[in-house]
Amino acid sequence: MSKIETIIEQLNQAKADAAWITTPLNVFYFTGYRSEPHERLFALLITSDGSQTLYCPKMEVEEVKRSSFDGKIIGYLDTENPFDIEPRAFNKLLIESEHLTVKRQRELTQNFGVQHYGDIDQTIKDLRNIKNDSEIQNIREAAKLADKCIEIGTAFLKVGVTEREVVNHIENEIKKYGVSEMSFDTMVLFGDHAASPHGTPGDRKLVNDEYVLFDLGVIYNHYCSDMTRTVKFGTPSEEAQNIYQIVLEAETSAIKAIKAGVPLQDIDQIARDIISNARYGEYFPHRLGHGLGLEEHEYQDVSSSNTNLLEAGMVITIEPGIYVPNVAGVRIEDDILVTEDGYEILTHYDK
């Protein structure tokens, strides 16, 4: 069943007339056209008979025509009300309730005469959760480029260099490989500064005998990678090295358990038990991982509360960590493709 057919099936089940999709990445997912509309209206309308209409600023119409989208295009001027161009009326409309603003919903009610609303969010999440071959290949390439980033960053380490300097070096050098955008703000943290899981790189200088934490990702053909490595610079303290080995064991053991049909919470529990049994449980304050695709964090999450099952075609991260204030912060993260009988690790930089 195609993406559009899945939406139509959901419309029929909900007895709705149409779906109104407004998250830019979700619009891209269905149309092949990506835009950042800012305050302007940008939306895809899919009706129960399968017709598709893309609402976009008039200045983007020619770009849409060059994309893979083959539906109707309604381009509007900044001085126009896009709903006036082609009047429509719907009794029930499915919307992305997690994205649509109250203001936009009022406009839909006023202009389309909508009487009832339902949600299309979960249907889209379920679709994006399972990647096709093309999506997997894009993520695989993004992962290779993330490996290259770690290689670039590690080679640049020297006494006295600052975290910010390493970040700038990585992001400048990776451009030589055709990368124009990172998945998120690159993180490089030294020593005890890495004990803050989401620390901000700054003027902290590297000294001998500490760990360096890299957390970064690259976008390739719109798809993201997200990986973390914690590398030695000299000989870190015995406690720091012990923490590293515990995190590595937790990550390795969790990955080995991955295959279709296994509950996501079970994967989280494997890593969490290893860290807790080593008496560092209170220093592992986040979920084990999350989905990966068009966004660096997307459905689903790998956590103790998620009873859903792993499915072939999912791409997730596995990223246990231990963060002890004034000692060290260690996190190791890989991107994993779930297969019917196991997994494929997409990120390969040495651990």
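This note goes through a predicted model of one protein chain, point by point, from overall dimensions to single residues.

1. Overall dimensions. The protein chain of this predicted model holds 10 helices and 18 strands, and its C-alpha atoms fill a box of roughly 70 × 40 × 35 Å when the box is taken along the principal axes. Of its 351 residues, 52% count as buried, while the accessible surface comes to about 15,900 Å², with 45% of that area belonging to carbon and sulfur atoms.

2. When the contacts between residues at least 6 apart in sequence are considered, 65% of them join residues at least 24 apart.

3. An open sheet with mixed pairing is formed by 6 strands in the order E4-E3-E2-E1-E5-E6. Strand E4 (72-76) and strand E6 stand at its edges, and because each has a single partner strand, one side of each is left without a neighbour in the sheet. From one strand to the next, the twist averages 25 degrees.

4. Strands of a sheet pair through backbone hydrogen bonds, either parallel or antiparallel. Ala-18 stands opposite Leu-93 in E5; Trp-20 has Leu-45 as its bridge partner in E2 and Ile-95 as its bridge partner in E5.

5. Side chains of E1 and the helix across it. Ala-18 and Trp-20 point one way from E1, Ala-19 and Ile-21 point the other way, and all of these residues are buried. Helix H1 lies across E1, E2, strand E3 (52-57) and E5, and runs at about 65 degrees to E2.

6. Thr-31. This residue has its place in helix H2 (residues 24-31). Thr-31 counts as buried because its relative accessibility is 2%, and the cut-off for that class is under 20% relative accessible area. Leaving aside its neighbours within four places in sequence, Thr-31 is in contact with Leu-44, Ser-67, Ser-68 and Phe-69.

7. The sheet of 3 strands. A further open sheet has 3 strands in the order E7-E8-E11, with antiparallel pairing. Strand E7 (187-190) and strand E11 (227-233) are at its edges, each with a single partner strand, so one side of each is left without a neighbour in the sheet. The twist here averages 15 degrees from one strand to the next.

8. Pairing and packing around E8. The antiparallel pairing of E7 with strand E8 (residues 210-216) extends over 4 bridges, and in it Met-187 stands opposite Asp-215 of E8. Helix H7 (residues 133-155) packs on this sheet, where it touches E8 and E11, and the direction of the helix makes about 145 degrees with that of E8.

9. Backbone points to inspect. The peptide bond from Tyr-299 to Gln-300 is cis, with omega near 5 degrees, and Gln-300 lies in strand E13. Two residues other than glycine have a positive phi, namely Asp-209, where phi is near 65 degrees, and His-222, where phi is near 80 degrees.

10. Setting of those two residues. Asp-209 has its place in the loop between E7 and E8, and His-222 has its place in the loop between strand E9 (219-220) and strand E10 (223-224). With a relative accessible area of 43%, Asp-209 is partly exposed; His-222, with a relative accessible area of 31%, is partly exposed. Partly exposed covers values between the buried limit of under 20% and the exposed limit of over 50%.

Terms used: Residues are numbered from 1 along each chain as its sequence is written. Side-chain values use heavy atoms; hydrogens and water are left out. Helices (H or I, at least four residues) and strands (E, at least two) are DSSP runs, numbered from the N terminus. Buried means under 20% relative accessible area, exposed over 50%, partly exposed in between (1.4 Å probe, protein chains only). Contact means heavy atoms within 4.5 Å. Accessible areas come from the Shrake-Rupley method with a 1.4 Å probe; for residues, only the protein chains shown count as cover. Two strands pair if DSSP finds at least two bridges between them. Axes are lines fitted to C-alpha atoms, for helices over the stretch in contact, and angles run from 0 to 180 degrees between N-to-C directions.
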